[in-house]
Amino acid sequence: MNKHILLAIICSIMVFPSLLSAQEKKPKVALVLSGGGAKGVAHIPTLQLLDSLGIVPDLVIGTSMGSIVGGLYSMGYSGNEIEKLTKEMDWDALFGGKVSLLDISNEEKSEYERYLLELDIEKGKPKPSSGVVSDQNLLAYLHSVTYPIYDVSNFNDLAIPFRAVATDIVNGKEVILGDGSLSKAMRASMSIPGVFSPVDYEDVLLVDGGVLNNFPTDIAKNMGADIIIGSDVGGGMKPKKDLDNIATLIFQTGMLSSNLKNPGNRELCTILVDHVNNLTYSTGDFNKATEIYEEGKIATKENNNAFIELA
């Protein structure tokens with residue numbers, strides 16, 4: 001045998017195990033999408049950038065609206081397809097119930113769908129509101145868009161493994177949903193207290209994951225992520241000057257645990273797409289989805305070089 005051929009074979013044998021070892025050590029990339037109501041539409045440009053660069057996460061984790069966007073992405077919808085769904089969606093019909101979003105004044109929109117408790121006034125005395133937004137349209141929609149994977153019960157078997165974060169309101173615990181019905185998991189994760197009814201799950205009730213963990217990068221870390229791409233649309237703790245009314249105080253109190261975790265969770269990000277200062281619309285402004293999508297491009301573009309380097 002030619003000595004050059006023999007040398008090539010020997011080198012190949014020596015190199016091949018190292019190639020396998022490098023492949024086995026490929027970093028695990030997680031994409032984490034925060035909650036934030038309508039502001040969650042701002043996550044979509046990040047998905048589109050990932051698609052354009054050929055970056056496929058090994059894991060997607062979402063809370064609340066982040067679980068809706070993340071769940072669709074995990075099951076195989078592209079960023080462009082999710083954008084199209086968002087722009088074609090009749091949001092008012094989707095969240096149809098006791099009050100139409102279109103009937104909410106501009107002054108009240110910032111408070112809509114934000115608070116853990118709603119009170120009516122009856123004979124001059126506060127009374128807990130019995131009204132909860134009907135979720136039948138939302139459920140029907142989630143069932144329809146997740147129909148292609150109706151027979152998948154383990155979220156590890158989706159195109160990209162997925163986890164939705166919810167809150168066990170009975171025991172005050174974080175719940176990480178990784179199996180069962182994807183549409184139910186998405187619905188549970190965005191069960192905003194006082195707006196949507198809780199979701200029955202085993203022997204507990206689940207409400208919005210944002211109550212305890214609105215930006216769950218710590219879950220990604222605990223699941224072995226080496227690289228964390230985080231898209232955050234939440235507002236975090238409000239400063240003293242903004243805590244000037246009972247509604248804002250109640251909201252900040254209800255989100256206290258989640259907000260205290262937020263700075264640490266943001267530090268876990270390898271790439272943090274921070275939308276907070278760019279978003280001019282509120283959690284209830286679903287009829288401004290197109291404008292929120294455009295605002296979501298700002299922070300995504302600011303991180304363009306980091307994504308290119310990762311790719």
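Ser 64 is found in the loop that runs between strand 2 and helix 3 (65–75); helices (H or I, at least four residues) and strands (E, at least two) are DSSP runs, numbered from the N terminus. The model is predicted, so local features need pLDDT of at least 70 and side-chain atom pairs count only at pLDDT 80 or more, while totals for chains, interfaces and linings use all residues. Residues are numbered from 1 along each chain as its sequence is written, and side-chain values use heavy atoms, with hydrogens and water left out.

Most residues other than glycine have a negative phi. Ser 64 has a positive phi, near 55°, and Glu 202, also not a glycine, has a positive phi of about 55°. Glu 202 lies in the loop between strand 7 (199–201) and strand 8 (204–208). The relative accessible areas of these residues are read as follows: buried means under 20%, exposed over 50%, and partly exposed in between (1.4 Å probe, protein chains only).

| Residue | Phi | Relative accessible area |
|---|---|---|
| Ser 64 | near 55° | 5%, buried |
| Glu 202 | about 55° | 69%, exposed |

Strand 2 pairs in the parallel sense with strand 1 (residues 29–33) over four bridges; two strands pair if DSSP finds at least two bridges between them. Ala 30 stands opposite Leu 59 of strand 2. From strand 1 the chain passes through helix 2 (residues 44–53) to strand 2 in a right-handed β-α-β crossover, meaning that, with the strands pointing away from the viewer, the path from the first strand over the helix to the second runs clockwise. Strand 2 also pairs in the parallel sense with strand 5 (residues 162–168), over four bridges. In strand 5, Phe 162 is the bridge partner of Val 60.

**Aromatic pairs**

The structure holds three aromatic pairs. Rings of Phe, Tyr and Trp (its six-membered ring) pair if their centres lie within 6.5 Å; planes under 30 degrees apart count as stacked, over 60 as edge-to-face and the rest as tilted. One of the pairs is Tyr 147 with Tyr 150, stacked at 5.2 Å centre to centre with 15° between the planes. Both of these tyrosines, Tyr 147 and Tyr 150, are exposed. In another pair, the ring centres of Phe 155 and Phe 162 are 6.2 Å apart and the planes are at 40°, so the pair is tilted. Phe 155 and Phe 162 are both buried.

**Helix 11**

The buried residues of helix 11 (residues 256–267) are Ser 258, Asn 259, Asn 262, Asn 265 and Arg 266. They cover an arc of only 115° around the axis, which puts them on the same side of helix 11; the arc is that of the directions from the helix axis to the C-beta atoms. Leu 260 and Glu 267 are exposed on the other side of helix 11.

**The chain as a whole**

The chain has 13 helices and 10 strands, and buried residues make up 48% of its 311 residues.
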